Amino acid sequence: MRRLVATGRSDVGKVRHGNEDALLLRDSVYAVADGMGGHLAGEVASATALEPIEELDGRIFQDNAAAVTALRSAVVAANERVSQLARDNPNYRGMGTTLTAALVEGRRLHVAHVGDSRAYLLRDGHFSQLTDDHTLVQHLVDEGQITREEAARHPQRSVVTRAIGVSEDVDVDSMSLELQPGDQLLLCSDGLTGVVEDEAIARTLMEVEDPDQAVGDLIDLANEAGGPDNITVLLLRYEDPDAEQASGHRTISISSRVDSGSGDWAGEMGRYASLHKGGPLVDHQGDDRRSVGAILGKATAIVLALAVFAGVVLGGSQFLLSRSFFVGLDGDQVVIFEGINRELGPFELYRVTERSEVTIDEVQLWYRPQLESGFPAADLGDARNLVRNIPLREIEEEPDPDTEDDDTQDEDTDEDPDA
Ligand code: MN
């Protein structure tokens with residue numbers, strides 16, 4: 001007799017006013033979606049994306065291939081529904097969502113995934129991230145441009161390179177594995193993983209026996225770390241009351257997808273699962289497959305990553321640009337940029353989205369270098385706040401507006417002392 005215990009919760013966190021995450025918990029399907037778009041659009045996107053997944057609940061499939069095909073099709077359908085809504089309603093323009101969905105049939109678990117929510121498996125004390133993050137920083141980590149630690153603090157860490165609802169086509173990752181008694185599957189949004197280390201998550205799952213309490217404890221950990229984002233946690237425990245399951249594992253090993261230095265990750269994954277990008281899923285249980293990046297040379301992988309990246313930017317999708325803002329200068333004018341504050345090859349990954357009335361000569365001297373390099377903002381509202389709070393020179397102290405362009409006089413006391 002097997003028993004699948006499923007529990008989950010979504011929490012608004014400590015900073016956001018609304019919750020754009022959504023969670024699906026039924027008899028045989030489970031999913032987490034992290035919507036974005038603001039002004040309720042994010043909530044619409046994440047809730048809509050869950051509908052086609054929910055329609056699979058309770059369905060019996062002929063075989064594993066049919067189950068995976070159905071799950072992948074549901075994700076494609078989610079993309080069609082969300083992008084259709086975004087096309088039909090101007091208020092929803094640019095909305096999108098992540099979607100990480102699981103389908104359990106008997107002992108068989110299937111996962112389909114787009115975006116930067118995550119699925120993890122805890123088995124025999126080994127905690128491994130099953131999904132790839134479809135994020136800019138993951139590309140940069142894979143390319144060796146930044147370390148995993150830099151990625152965790154990167155101002156553009158929430159920029160996703162793939163999402164549901166932002167274009168007509170979506171590239172879906174999927175995988176399958178055979179559940180073993182004692183397995184714990186965690187689906188979660190980046191509101192958890194952005195602030196709580198993998199090891200703390202794994203430890204909580206191992207040490208807290210009651211699944212509801214484990215979920216609550218994980219949400220508490222994220223809120224104690226500031227709760228900057230909506231937090232969604234969904235936990236599946238596969239229990240076998242007949243088998244005396246060893247419960248005393250106290251050593252934890254972690255393999256995290258974002259750690260490119262973990263050389264045996266592909267091998268570990270090969271034991272647990274077969275991971276496919278795009279194409280139909282074929283069962284390769286126990287196969288020691290390696291990731292595409294490991295098979296191809298590193299140079300080829302970088303070219304591929306750049307091509308994918310360029311495709312996202314040039315393919316008409318505004319999505320990559322729409323999740324990130326920074327305040328900077330366009331000529332003399334202070335403006336809000338939408339996009340990524342860096343240039344990748346020949347591509348400018350940003351554009352002016354709003355202009356302010358402020359010009360550089362009105363800004364206090366010590367603040368100017370920060371404006372010149374660009375000031376990251378969490379969203380458009382945050383960027384507007386930054387603009388409102390830019391420290392300005394006090395106009396009444398200006399002796400003569402004609403000399404305003406001369407920065408050298410009576411502003412020296414405002415120089416940043418940290419030089
Ligand atoms: Mn989020």
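A nonpolar core, as I use the term, is a set of buried Ala, Val, Leu, Ile, Met, Phe, Trp, Tyr and Cys residues joined through side-chain atoms within 4.5 Å. Keep that in mind. One caution: this is a predicted model.

Let's start with the cores. The largest has 31 residues. Which of them touch the most other members? They are Ile 53, Val 75, Met 95, Leu 99 and Ile 164. Several elements give two or more residues to this core: strands β2, β3, β5 and β6, and helices α1 and α2. The largest share, eight residues, comes from α2.

Take Ile 53. Leaving out residues up to four places away in sequence, Ile 53 touches Leu 24, Val 29, Ala 31, Leu 71, Ala 74, Val 75, Leu 99 and Ala 101.

Six strands form an open sheet, with mixed pairing. The order is β1-β11-β10-β7-β8-β12. Which strands sit at the edges? Those are β1, residues 3–11, and β12, residues 253–255. Each pairs on one side only. On average, neighbouring strands are turned by 15° against each other, direction ignored.

Look at one pair. β1 runs antiparallel to β11, residues 231–239, over nine bridges. Here Arg 3 stands opposite Glu 239.

Finally, two helices. α6, residues 198–207, lies across β7, β8, β10, β11 and β12. Helix α6 runs at about 55° to β7. α7, residues 211–224, packs on the sheet and touches β1, β10 and β11. The direction of α7 makes about 150° with that of β11.

Key: Residues numbered from 1 in each chain as written. Predicted model: local features only at pLDDT ≥ 70, side-chain atom pairs only at ≥ 80, totals over all residues. Heavy atoms only, no water. Buried < 20%, exposed > 50% of the residue type's maximum accessible area, 1.4 Å probe, protein only. Helix = DSSP H or I, 4+ residues; strand = E, 2+ residues; numbered from the N terminus. Contact = heavy atoms within 4.5 Å. Pairing = 2+ DSSP bridges. Axes fitted to C-alpha atoms, helices over the stretch in contact; angles between N-to-C directions.
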